[in-house]
Amino acid sequence: MSSQGFCSLDLPYTEPPFLADQTTGIACPGYATQSPICTGPFCPESRVCPGTRTLHEDLNACQGAACCLPGSVDPDGVVNVLPYLARPPEWPFSADASVDHSTTVDDSPSIATAIECAAALPASRRTVAFPAGRYVLRTPLRPHYDALTLEGPELSPEAPPGDPRTATPLAIPCNPEQYPGAIQVTSVVKRDGTAASAIRGLWIRNLQIALTDGPRRRANGGIQLNTCSDCKVENLIMRYSPLAPQLPSCKPSNLEGIGFTWGSGGVIRHVLVDGVSKSGVYLSSIAGYHDTPPILVENNVRRGS
C-alpha cells in the first residue's frame with residue numbers, strides 16, 4: 001500500500017483471523033457452526049432458530065397495530081415487552097443468572113412483535129420498554145423504524161453483571177458468523193417493495209447487553225447501526241460473557257462493540273464496552289469525508305481485549 005493511500009477510509013481492509021492462543025500456541029478446539037436447537041418453551045415450531053437472513057420480523061403473521069396485545073400499550077405510546085413473552089407465572093424471570101439460567105428459550109420472535117406494535121402507534125416517539133430481567137436473543141433485534149426507542153430501567157454505570165435491577169438482553173446467536181449481536185439495523189425494503197430511506201431517530205438506552213459468541217471470519221458488532229441518522233446509543237453496558245469458560249483463543253476474534261457505519265450519525269454516550277476482541281466503538285463514517293452526519297462520542301469506556 002502506498003503511503004498516500006495508507007489512511008484512506010475507502011481502501012479494502014482485511015485482517016488474518018486469530019487462530020491460536022498467543023501464550024500457549026494452542027488453537028481453539030472448535031466452536032458450533034450449526035444453529036443450536038431451541039429446546040425450551042416459546043421456541044419456533046421447528047425448534048431451530050433461523051440463523052439466516054430470514055428473521056422473526058419477516059415471519060410475523062401480524063402487521064402494524066394488529067401486533068399489539070391488549071393492555072400492553074400505555075397512553076404515552078410505550079409498549080411493555082413482558083406480555084409478548086407469554087411467560088407463565090412460575091417461569092423464573094430475572095437478570096440474575098442464578099435465578100433465570102435458561103439459555104434454550106427464544107425471546108427474539110416475541111420482542112420483534114412488540115417492536116412491530118410500537119412502530120404502528122401514532123405517537124411522535126414510540127417506546128418499547130424492557131422491564132428488569134433477562135431476554136434471550138437467538139437472532140438480533142432489528143428495530144428499523146423512525147422515532148423509536150428501546151429502553152430499560154435506569155441503569156447505573158456501576159451495575160455488575162446479572163444485576164436484577166437491569167434489563168439484560170443475552171445474545172446467543174444461532175449463526176455467529178452472520179448475526180452475532182443483539183441489535184442490527186439497516187434500512188430495508190418495505191413490505192410494499194419500495195426502497196426504504198435511512199432510519200431516523202432510533203434510540204437505544206439503559207440496557208446491559210451480554211454477548212456470548214461472535215464472528216471469527218467477518219467483523220460485526222453487538223450493536224450495528226447502518227444507515228441510521230440522528231440515532232443514539234446511551235447509558236449502556238455491553239460485556240462479552242461466554243456461557244462456559246474458554247481458552248483465550250476461542251474468543252471471537254472479529255467481535256466489536258458498537259458500530260456506526262454506512263452513513264450513520266448521532267450520539268454514543270455513557271457507554272461501557274468490556275471484553276470484545278476488536279474496537280469497543282467502531283465508526284466508519286466521518287462528516288466532511290463521506291458527506292455523512294456527524295457522530296458525537298462522549299464519556300465512553302472500553303475494557304479488556
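Student: Why does Arg 165 count as exposed?

Tutor: Arg 165 has a relative accessibility of 62%. Exposed means over 50% relative accessible area, buried means under 20%, and partly exposed is in between (1.4 Å probe, protein chains only). Since 62% is over 50%, Arg 165 gets the label exposed. Before we go on: this is a predicted model, where local features need pLDDT of at least 70, side-chain atom pairs count only at pLDDT 80 or more, and totals for chains, interfaces and linings use all residues. Residues are numbered from 1 along each chain as its sequence is written, and side-chain values use heavy atoms, with hydrogens and water left out.

Student: How do you know that the side chains of Arg 269 and Glu 234 meet in a salt bridge?

Tutor: N to O comes to 3.0 Å for Arg 269 and Glu 234, so that pair passes the same test. Arg 269 is in strand β13 (residues 266-274) and Glu 234 in strand β11 (residues 231-240), so the bridge ties together parts that lie 35 residues apart in sequence. Those names come from DSSP runs numbered from the N terminus: helices are H or I with at least four residues, and strands are E with at least two. Glu 234 is buried, because its relative accessible area is 8%.

Student: And what makes Glu 298 and Arg 269 a salt bridge?

Tutor: Here N to O is 2.7 Å. Glu 298 belongs to strand β15 (residues 295-298) and Arg 269 to β13, so this pair links distant parts of the chain, 29 residues apart. Glu 298 is partly exposed, because its relative accessibility is 33%. Put together, Glu 151, Arg 205, Glu 234, Arg 269 and Glu 298 are linked in a network of salt bridges.

Student: How do you know that β13 and β15 run parallel and pair?

Tutor: Two strands pair if DSSP finds at least two bridges between them. Four bridges join β13 to β15, and the two run parallel. Arg 269 stands opposite Glu 298 in β15, so these two residues share both a strand pairing and a salt bridge. β13 also runs parallel to β11, with eight bridges, and Met 238 has Val 273 in β13 as its bridge partner. With strand β16 (residues 301-303), β13 pairs in the parallel sense over three bridges, and there Val 273 stands opposite Arg 302.

Student: Which strands form the open sheet, and in what order?

Tutor: Four strands do, in the order β6-β9-β12-β14, and the pairing is parallel. β6 (183-185) and β14 (281-283) are the edge strands, each pairing on one side only. Inside the sheet, β9 (residues 220-226) and β12 (residues 255-261) pair over six bridges, with Asn 220 opposite Leu 255 in β12.

Student: How many aromatic pairs does a search of the whole structure find?

Tutor: The search finds two. Phe 93 and Tyr 135 are one of them, with 5.3 Å centre to centre and 80 degrees between the planes. Rings of Phe, Tyr and Trp (its six-membered ring) pair if their centres lie within 6.5 Å; planes under 30 degrees apart are stacked, over 60 edge-to-face and the rest tilted. So this pair is edge-to-face.

Student: What about Phe 130 and Tyr 135: what makes them an aromatic pair?

Tutor: Their centres are 5.2 Å apart and their planes 85 degrees, so edge-to-face applies to Phe 130 and Tyr 135 too. Both Phe 130 and Tyr 135 are buried, whereas Phe 93 is partly exposed at 23%. Ring pairs link Phe 93, Phe 130 and Tyr 135 into a cluster.

Student: How do you know that the charged end of Lys 232 sits over the ring of Trp 203?

Tutor: NZ of Lys or CZ of Arg has to be within 6 Å of the ring centre and within 35 degrees of the ring normal. The charged end of Lys 232 is 4.2 Å from the centre of the Trp 203 ring, and Arg 125 also lies over the face of Trp 203, at 3.6 Å.

Conventions
A salt bridge is a side-chain nitrogen of Lys or Arg within 4 Å of a carboxyl oxygen of Asp or Glu.
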